[in-house]
Amino acid sequence: MNKEKVKTNNAFVNALKKSNMTAIGVVLILMIAVASIASPYFLDIYNVQSLLRDLAFVGMIGIAQSLLLLVGELDLSVGKVASLCGILSGMMMVDYKINPWLSFLLALTLGLIFGGINGLIITKLRLNSMVATIGMQGLYGGINLVLTKGKAITGVPEEIYILGKGNWGPIPFPFIFCIVVLVLVLFMVKKTKTGRYIYAIGNSREAAKILGIKVDKIRIMIYAIVGVISSLAGVLYVSRLGSAQSAIGESWPMNSIAASVIGGVSLTGGLGNPAGALIGAAIISIIQNMIVLFGVNVYWQSAVSGIVVVIAISFSSISEIMRERKQKKIKLN
Amino acid sequence: MKILEARNITKLFPGVVALDSVDISFEPGEIHCVIGENGAGKSTLIKCLTGVYEPEEGEVLIGGENAIRNKTLFNKVAYVPQEIDLFGYMSVAENLFLPYEQSGIKGMVNQRELAKKAIPVLEQFRIPVKPDELVKDISVSSQQLLQIARAVVHKDYEVLMLDEPTTSLTTSDTQILFEIVKKVKEENKAVIFISHKLEEIFALGDVLTVFRNGKKVAYSSLKDIDIPWVIRQMTGREVNQEQVYYSEKVLDEVLLEVKNLTGERFKNISFELRKGEILGFSGLVGAGRSELMQAIFGYLPVYSGSVKLCDQEWKLGDTNYSVKHGFIYLPEERKKQGILPVLSIRENISISVLDDLKSGINISKKKETELAWRVIDTYDVKTPGVDKEIQFLSGGNQQKVIIGRAMNCNPQVLVFDEPTKGIDVGTKAEIYRLMKELAEEKGIGIILISSEMEEIKKCSNRIIALYEGRKAGEYDAKADKEAILGSIIGVNS
C-alpha cells in the first residue's frame, strides 16, 4: 500500500475541515470584490457605513442564535423580544420620563427576563424549542400590539440617537456593539468551562447529563443571554429610528438562523463557531445591499435575496458533492 | 460456485487503510463466519459487500458479475445490521414488508392483507407479537428477530448477511435464530455471520475468516480449529481464556448501601457494595439492571427507598451531585450517552475536570493536552493524537477514554454497564484487568452489569440476579452457572 498517498489525503481533508470558516470567509471577500467592481458606489463611505449598520443587527442576533444552535436548539422569538424591549424602553422614556440610559438598562434586564422565561418553560416543561418559541413570539408580539395599538412611539430623547445613528470615527456605533458582543460570546464559548459544556450538550444531551453537567441550567442561561442580546439589538434599533415600533426585528429570526448556517454552525448542535454567524450576516447584508445598488425591481428583491441565501447555505455541501464526484471520476479512469 | 466474491479490494480512509487487498468469497449452502477485533475491517468489508462503500481498488462480484458497475445486483445481498434499524412508529406487518408491499391497487397499502401475510412469518420466527402492534412497543429481542425476518421475506436474496445478530437476543431467542439460519442454509443460500461470540461461531458455522488490521489473516474450516487458535489469529498473541479477574482485596467497610429501592422498572431492591469489591448484576435484557443503576446515579427517578454512600444519606435525582461525590456511571449506550462524538479526544477527557485545568479564567490548552496524553498512556488508548475526533476511535478505545475520564474524578463507586459490548476478545481482557486493578489498588467499589454469563462469572466477587425488576438471587463467585441462569430467567422465584 502506498502509505504516503494516504497521509497527504489526510492532511488535505483536515485542512478542508478546519477551513470551514476560511472557505466562507473567502466567499465573503469574493462577494466584496465582485460588488465593488460591479457598482462604483459599493465602497463609498456612506454605503459602507449603512451596510455595517444593517449588518450589526443581523450579526448580533445571528451570534445569539448560533449559541442556541450549538446546544441543538433555536429561538424564533428573538425579533419580538427585540421589538417588545424597544417599545418598553420607548414607553419608559416618553411616557414615564425615565432617564434614557436607565430605560435602556431596564430594557436589557427585561430582555434577560423574557429570555429566561423562554428557557424555563422549554426546559421545565420539556418543550421543543422551535414550537415553544413560535408560541412565545406570538405572546410577545401580542403584548407589543396591546401596548402600542400598532402605533409607533415617537418623541424619543435625541441624546440617545448617537447609539443607533452615530459613528465612532468612521465606524457606526451598532457595529461596535456587535463586535463587543462577538468578543464576549467567543470568550465564553472558546475559553470557559461553560463554553465547553455548551459544546458537550450539543454533542449529546444525555452524555452531558451523565457527565454531571447541569444541562438545564446552562440551557436556561443561554436563552437568557439570547434575550439580552435581542433586547440590545431592539433598543439600538429604536435609537437608530428615533421611534419605537412593533415592526422592529420582523426578519431577524429567519435571517439569524440563515446567517449561522451560512457561517458553518450545525443545525443539530455541537459544531460551529459564533464568529461564523457574523460572516454569514455580512454575506446576507451584502446581498441585500447589492440588490438595492443594482436597482433590482422592488417586487423581485425578496425572491432574488432568497435565491442567493439558498446558494450561500448550499455552498459547503456543494463543495463536498463536487469533491465526491471528482474522486469517483478518478476511480473510474 | 461462488455467489458473492470480493477480489483484491482495498478501501482507504483518511489516515487509515481500512481494507488492504482482501480476497474473500462466499458459497451457497455454507455458513461463513467472519471475526476480527474492533477496527480490523469487518464493518468496512460489510459496507463494500453491500454497496454502501466503493472500494478504491479491486472488484465485488455477485453471481460472477461486477456489482460495482451494476448496483442492482446488491439487492441479492440481504443485510441485517447490528443496530436495530426498524420504524418504531409503524406496525410489525408494515415493517416486515416495507418496501415490497404489493397489496391492492398499486401504491395503496392494504393493512388487513399485510397483517394476514405477516402471521405465518411471525409464526415461523416464533416472534410473540401481533402484526398490528407498533414496533416501538415490542421487546428488543423481538425487534431483532423481526429485523432478520424482514431480510428473509424478500424472496430474491441469495446471500444473508448477519452483523452481530445475537447481541440483544435472549438465550432462547438465539436458539430460534440458529434454527432459522440453518434453514436458510438448507435452501442453498449463502450466509455470512459476523460475531464476537466464539461459542456461537463454533456452534453454527462451517468456515471462518479472520481479519486483523484490515487484512485477511486466516481462513479455515471450523472443523479443523479450536477457540485458542482463533484468538491467536485475531489478536496475534495468546489470551488466557481461563483467567479470572475478581478482586482479591475486598475490605469489610460497606461503601454503598441500597435499601428497598423502587423505581420505574425495578421493585424493592436492596444490596450492599464493599470497598474494593466487584459486584456483578446479571439478568436478561430489560430486567431493570441499567434502570436501577441510572436511578441511583440520579439519571432516572426513584419512587421509594433509600441509598447511603459511606454511611451518608445519598441525594437522588441529581447527576451533578453524584459525579461530585464520586459515584460515576459508564453507560451501555456508549455512542449516545458516553462519548461527545464530534469533540476531540482531548476535549472528551478534560470535560469533567475543567476546574483543575484553568490558568487564570481561561482553560489552559497546555494542561488539557498533558492530561489527555496522560490518560492515553495510562490506559493504552490507540490513537494518532489527542485532537482526533473521538467518534473515529474503535469501540474499545472509546471505552478506555471514558474509563480514563471517569478516573480523573476520583470515583468511589464505578458502574460499568455492559463495558465490553461490541468489544473484541483481546480488549475485553484489558478492560477486565483494569476493573480488577481499580478495585484492588484504589479500593473502588465496582458494579458490573453484563448480559454475558462468562463475563459476570470471571469478574465478580458476588453476583446479584435480577428478573423483571426484582432481585431473584444472590450468589458468590463460586456459584453454579446453572443456578444463576435459573434465577435470571425466573425459574427459581
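Analyst: What follows covers the cavity, then a pocket, then the nonpolar cores. The model is predicted.

The structure holds 1 cavity of 30 Å³ or more, and the volume of the largest cavity is about 130 Å³. Its lining consists of 15 residues, and nearest the centre lie A:I210, A:L211, B:I328, B:Y329 and B:R405. By class, 11 of the lining residues are nonpolar, 3 are polar and 1 is charged.

The second largest pocket contains about 700 Å³ of space. It is lined by 22 residues, with A:R126, A:K209, A:V215, A:D216 and B:Y299 closest to its centre. Two or more lining residues come from each of α5 (100–124), α10 and α11 (215–241) of chain A and α9 (319–324) of chain B. The largest share, 4 residues, belongs to α11(A). This lining divides into 10 charged, 7 nonpolar and 5 polar residues.

As for packing, the largest nonpolar core has 98 residues, and those with the most contacts inside it are A:M60, A:I198, A:I213, A:I222, A:I283 and B:I351. Helix α3 (residues 45–70) of chain A supplies the largest share of this core, 14 residues. Leaving aside residues up to four places away in sequence, A:I283 touches A:I24, A:V27, A:L28, A:M31, A:I262 and A:A312. A second, separate core has 50 residues, among them B:I138, B:L145, B:A151 and B:I176.

Key
Residues numbered from 1 in each chain as written. Chains lettered and ligands numbered in written order. Predicted model: local features only at pLDDT ≥ 70, side-chain atom pairs only at ≥ 80, totals over all residues. Heavy atoms only, no water. Core = buried A, V, L, I, M, F, W, Y, C linked by side-chain atoms within 4.5 Å. Buried < 20%, exposed > 50% of the residue type's maximum accessible area, 1.4 Å probe, protein only. Contact = heavy atoms within 4.5 Å. 1 Å grid on protein atoms, 1.4 Å probe; cavity = no way out; pocket = protein on both sides within 12 Å on 5 of 7 lines; lining within 4 Å. Points joined across faces, edges and corners; volume = space filled by probe spheres on them. Nonpolar A, V, L, I, M, F, W, Y, C, P; charged D, E, K, R; others polar.
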